[in-house]
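This report describes one protein chain. Look through the sequence and the model before reading on.

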Amino acid sequence: MGDSVISVSELTRRFGARAALDAVNLSVARGAVHGLVGANGAGKTTLIKHVLGLLVAERGSVRVFGLDPVAEPVAVLSRIGYLSEENDLPVWMTVGELIRYTRALYPGWDDAYAEELRLMFALEPAARIKTLSKGQKARAGLLVALAYRPELLVLDEPSSGLDPIVRRDILAAVIRTIAHEGRTVLFSSHLLDEVEQVADHVTMISHGKVVLSGPLAALKRDAQVVGGREPTLDELFFAHVGIHAASEAET
Ligand code: ATP
């Protein structure tokens with residue numbers, strides 16, 4: 001595909017007998033906000049780990065910025081901002097130390113933007129990370145993932161376990177980032193209303209297989225009309241993934 005930042009082709013990954021990913025194709029266009037949706041255990045994190053080069057493709061290929069993230073980790077990861085579900089921050093640091101430490105790793109670090117995010121997220125520089133709440137840790141993780149203005153932002157379940165206010169902050173920050181020309185976001189979530197609010201492209205995965213992928217507006221337009229209107233993402237998900245997986249996804 002033309003200007004794809006991420007290009008995954010026929011990617012298969014098994015854990016024992018279980019296929020976590022089964023011949024998955026994913027194309028994320030430059031400048032897109034691409035939502036990866038699926039129930040718990042659908043394969044979202046496994047796919048993201050391949051994009052980051054943390055897992056080697058068993059079959060198929062993964063290219064990010066046209067490069068193999070396993071063979072060229074520095075070239076790829078230096079252009080990606082990443083926030084994981086676990087959000088593994090060095091807990092012994094203060095917020096200020098985390099900012100200075102991360103700043104030293106990335107030449108593109110933007111001090112003014114980092115300070116803007118710190119104020120927006122109400123993070124005290126002297127606060128030790130281990131004393132922060134889960135929501136505050138997520139904000140700190142997001143700050144350091146955004147402040148070097150990466151070309152690609154990858155968020156794995158950014159809202160997992162967070163209250164609605166923190167979620168709204170995260171969404172606002174994502175939107176702010178994408179507003180900067182040409183930046184791309186891939187984020188996974190099982191909160192379909194959240195994905196619907198921010199994503200312009202969606203890939204649905206179920207039991208390791210892609211069941212639907214494309215621009216959200218086109219997917220809705222091409223779907224069956226529900227009561228004289230276009231379906232919501234939730235209704236699309238139900239139609240393609242089924243009641244069992246959808247109810248799992250809402251937990
Ligand atoms: P969640 O929303 O719960 O995070 P997910 O869509 O991110 O789910 P994955 O974490 O990618 O799903 O897991 C896909 C499948 O692969 C699951 O059945 C999971 O148990 C399995 N799996 C993932 N990592 C491993 C591993 N290291 N060893 C064994 N099985 C694994």
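## Contacts along the chain

Among contacts in the chain between residues at least 6 apart in sequence, what percentage join residues at least 24 apart? The share is 68%, where contact means heavy atoms within 4.5 Å.

The model is predicted: local features need pLDDT of at least 70, side-chain atom pairs count only at pLDDT 80 or more, and totals for chains, interfaces and linings use all residues. Residues are numbered from 1 along each chain as its sequence is written, and side-chain values use heavy atoms, with hydrogens and water left out.

## Overall form

Ten helices and nine strands make up the secondary structure of the chain; these are DSSP runs, helices being H or I with at least four residues and strands E with at least two, numbered from the N terminus. The C-alpha trace spans about 50 × 40 × 35 Å along its principal axes.

Of the 251 residues in the chain, 49% are buried, that is, under 20% relative accessible area with a 1.4 Å probe, counting protein chains only.

## A sheet of three strands

Three strands form an open sheet in the order β2-β1-β4, and their pairing is antiparallel. Strands pair if DSSP finds at least two bridges between them. The edges are held by β2 (18-29) and β4 (59-64), each with a single partner strand, so one side of each has no neighbour in the sheet.

Strand β1 (residues 4-15) is joined to β4 by five bridges. Ile 6 has Val 64 in β4 as its bridge partner.

Technical notes: Buried means under 20% relative accessible area, exposed over 50%, partly exposed in between (1.4 Å probe, protein chains only).
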